[in-house]
Amino acid sequence: DLFLKVVRPHRVGALHRRHRLLTDAGVPVPHSYGYTPDGLLALRAVPGRNLRDVVWVGGRVPTGRHLLSLLDRLPAELTREPRRASWLERAGHYAAVVAGALPEEAERVSALAEEITAEAGTGPTVPVHGDFYEGQLHVTGGQVRGLLDVDTAGPGERLDDLACLLGHLSVLAQLDPARAEAVNRTGAAYLATFDRVVDAADLRYRTAAVVLSLATGPHRVQDPGWPAHTRARLELARRWVDSARAARATAGEEVLMPATDALHAAARR
C-alpha cells in the first residue's frame, strides 16, 4: 500500500528529502518513493494502529522511555531547517482566536496566555517533530512502527514535542469520558517519565499552551455546543497552569497530571 500526499509544489522536494533523511537515520517515518513537480509525494504505508486506537482498546502502548528514544533518533541535520514558533510563543495568537470566537471569554483567555508566557521557561534547541501527538504514532506490540506528518520537523525544544502529546491526551480524555480512564492512565505514565528529563513546571506550562491552541477547535469545526466545549478546554489549560505552579513550588515532589478526576485516580494506581 502507498499513500499520496499533496503539498504546495514549492515544498514537495524539501519534504521528500526530509523523509529520506529521517529514514536513513532509522526513524520509522514513511519511506518516500518520490514526487512530482506539481506537489504529489508518494509514501509507503506504515504498519500498526495509531496510538489513540491502541489506548482505547486497552492494547500495549509504548513506554515514555521508548518515545524519548524515538525523539533522540531525530537527526541533527533537522536543526538546519527553518525554525517554527513554539507552542509557548503562539499562546497569544491562539488566545486572540478564542477571544474572537467567544468575546465574553476574552479577558479570561488573554490573562491565561499572559500567565503562560510570563511564567514558563524554555529549553535548548534540538531536532523536534513539531506535531507529536497520539494520532501521528503507529504502534505494534508496544513499539512505534510509524511516525507520520514530518512536515513540521525541524529545530525546536523537546518541551514542545512532549507537551504536544500530553496536551492532546488530556483533551482526548475530555472528549470521550467513557474511555477517559485509559487515556488518563497513559498520560499520567508519560508525564511521570517526561518529568525526569525536562523541568516539570516548564513541561506543564508548555502543555497548557498546547491545550490553549486546541481550544480553538470546537468553533473551527462548529461542534454542537462549541461554546461549552471551548470553555472546558480553557478550564483544562488553567488546571495545567495551576499544576505548573504547584510543580515549581514543590520541586522534587510528584505532581499529578491535571486532566480529569479519573486521571488522578489512574495516576495514583
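Predicted model: local features only at pLDDT ≥ 70, side-chain atom pairs only at ≥ 80, totals over all residues.
A residue is classed as buried under 20% relative accessible area, as exposed over 50%, and as partly exposed in between.

D242 is joined to R238 by a salt bridge in which the closest N and O atoms are 3.9 Å apart. Both residues belong to helix 10, where a spacing of four residues places them about one turn of the helix apart.

Helix 10 also takes part in a contact with another helix. A salt bridge connects the side chains of D202 and R248, with an N to O distance of 2.7 Å. Since D202 is located in helix 8 (residues 200-214) and R248 in helix 10 (residues 226-249), this pair ties together parts that are 46 residues apart in sequence. The two partners fall into separate accessibility classes: D202 is buried, at a relative accessible area of 9%, whereas R248 is partly exposed, at 41%.

A further salt bridge is formed between R179 and D176, whose closest N and O atoms lie 3.5 Å apart. Here R179 is partly exposed, with 35% relative accessibility, while D176 has a relative accessible area of 18% and is therefore buried, the cut-off being 20%. Beyond such pairs, a network of salt bridges links R83, E89, E157, D160 and R206. The count for the model comes to 22 salt bridges.

With regard to strand pairing, the model contains an open sheet of three strands in the order 4-6-7, with antiparallel pairing. In general, strands of a sheet pair through backbone hydrogen bonds, in either a parallel or an antiparallel arrangement. The antiparallel pairing of strand 4 with strand 6 (residues 137-140) extends over two bridges. Within this pairing, N50 has H138 of strand 6 as its bridge partner.

Helix 3 (residues 64-72) lies across strand 6 and strand 7. Relative to strand 7, helix 3 runs at an angle of about 40°.

Note on methods:
Residues numbered from 1 in each chain as written. Heavy atoms only, no water. Pairing = 2+ DSSP bridges. Contact = heavy atoms within 4.5 Å. Axes fitted to C-alpha atoms, helices over the stretch in contact; angles between N-to-C directions. Salt bridge = Lys/Arg side-chain N within 4 Å of Asp/Glu carboxyl O. Buried < 20%, exposed > 50% of the residue type's maximum accessible area, 1.4 Å probe, protein only.
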